[in-house]
Amino acid sequence: MSKILVVDDEAIITMQLEERLTAMGYSVAGMAASGEDAIEKARRLSPDLVLMDIVMPGKLNGIEAAKTITGEMGIPVVFVTSYADDAIIEKAKQVGPYGYIVKPFNELEIKAAIEVVLFRKAAEQELRRADVAAAMKGGRPAAGEVGEGAEYIDLPEIKTLLLKDIVSDILLFLYVDPALREPVFRFAIEEGVKKGGRNFFAYHRSVLQKYFLKEIQEGALHMRRVKKGEVYLLPGILEKCTGSLSPEQPQGTLQVLFDFSETDEFSDILAVKDLVLARKSQGVPLSGIIAVNMADIDHNQIRELSAGIAKIIISTGKETTLSFARQSFPSEAVTVVPQATIDDVVKKSLEPVVLSMLDKPISGYDIVHEIHSRYNVLIPQARIYTYLYDLEQKGYLMMKASGKSKLYSPTETGKKYIHNRLNEFKFVFRHIMGEGLAPGSPPDRKQ
């Protein structure tokens, strides 16, 4: 799902865009109300696209913010503005926007612009990857040839994470976003080829073949697609690969990369893992990665997969990768919760979540952002404002205008109401979790 950052100082516009983009199947990564805020959020959230207003308060307008976002981060920007005079358009053209939409807009205009931009961005990245591959064919890329968007951009972090054990041990790599596995595998293959010996990459889906044509032709790399229902074939192939290995010669080492993006055949995946560990324990010069998509497995299966493996890497997204030794952080402590479940829990628990934020004056806009920051869940602003308005009508909240924002804070009666409601929720949650309350113990009712 493509992530979009919405930048506009008018709350009504951002709310409309959020609802329309969500309905069209996009993810609103965040919202900003100034050029400075837009740059900060673009750096932190790494959206696929920015919808940018031009005229906004602050030191930086939309054009200046777009110049930084496009130039520094390579993120495409589409201007959404009420200003369509020639002077504004000429200034906007200087930062190379990917589109220009004039308010008032309709959904078809927005969707068409977004799809064209995403297609153009994907095409440009593919061209850059092709250039990098061509440059790499004879060795390292020439200076300046690795453009923005190429997979090598992420490699310094991956090298730091994996270099210590990548060519000497067996690692378990658990990932959520399939797009993030390819740079890891590519780096691992390159390190294995440099070390010498053979490399065996078994995968369900991959685009790495085109990057290693020379290595495949020379026999340094063997790649095999494992279709659904074929995982059971891997132990036999692995037996043949390891049967003739000689630890005395570099050419006698083997690095394996097994990517199990389909986890229906879990017992067969375990059999492959057990065979790899068994051969290594018998002195076979074997190293590599066993990678599994976490989307369809639970913590019990993670425990089974990690048994006997010393090093585990978990990638939950572009911004979060955990690396730990099993003996210092047992894998059974890892619980996989799908984001859809988090979304559902937060939305159903919206009342206590909002009430917990009313300890100081806050706007509905800031509540939406805080929820997204804490839980990576987007709640429509209309839903938040409806609840705040209801509390205000009951006398629990008072509203004060601050610029264009409406700040809500509890009245004295509201403070007591919020205190009691939060204690009731704590009692319910603790009862569900079975923690710390004697049977029949009532919630705290202090006034």
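Leaving aside its neighbours within four places in sequence, which residues is Glu18 in contact with? The structure examined here is a predicted model, in which local features need pLDDT of at least 70 and side-chain atom pairs count only at pLDDT 80 or more, while totals for chains, interfaces and linings use all residues. Residues are numbered from 1 along each chain as its sequence is written, and side-chain values use heavy atoms, with hydrogens and water left out.

Glu18 is found in helix H1 (residues 11–23); helices (H or I, at least four residues) and strands (E, at least two) are DSSP runs, numbered from the N terminus. Contact means heavy atoms within 4.5 Å, and with neighbours within four places set aside, the partners of Glu18 are Val28, Met31, Leu378, Ile379, Pro380 and Gln381. Glu18 has a relative accessible area of 3%, so this residue is buried (under 20% relative accessible area, with exposed over 50% and partly exposed in between; 1.4 Å probe, protein chains only).

Turning to the aromatic rings, those of Phe, Tyr and Trp (its six-membered ring) pair if their centres lie within 6.5 Å; planes under 30 degrees apart count as stacked, over 60 as edge-to-face and the rest as tilted. By this rule the count comes to eight aromatic pairs. One of them joins Phe185 and Phe201, tilted at 50° between the planes and 5.3 Å centre to centre. This pair links distant parts of the chain, with Phe185 in helix H7 (residues 181–195) and Phe201 in strand S7 (residues 198–203), 16 residues apart. Both Phe185 and Phe201 are buried. The pair of Phe258 and Phe260 is also tilted, because the ring centres are 6.2 Å apart and the planes lie at 40°. Phe258 is buried at 0% relative accessible area, and Phe260 counts as buried at 5%. Phe173, Tyr175, Phe185, Phe201 and Tyr203 form one aromatic cluster.

A helix pair comes next. Two packed helices are described by the angle between their axes and the distance between the axes. Helix H10 (residues 266–281) and H11 pack at an angle of about 25°, with their axes 9 Å apart; axes are lines fitted to C-alpha atoms, for helices over the stretch in contact, and angles run from 0 to 180 degrees between N-to-C directions. That makes H10 roughly parallel to H11 (under 35 degrees; over 145 is roughly antiparallel, 65 to 115 roughly perpendicular and the rest oblique). Phe266, Ile269, Leu270 and Lys273 in H10 meet Gln301, Glu304 and Leu305 in H11.
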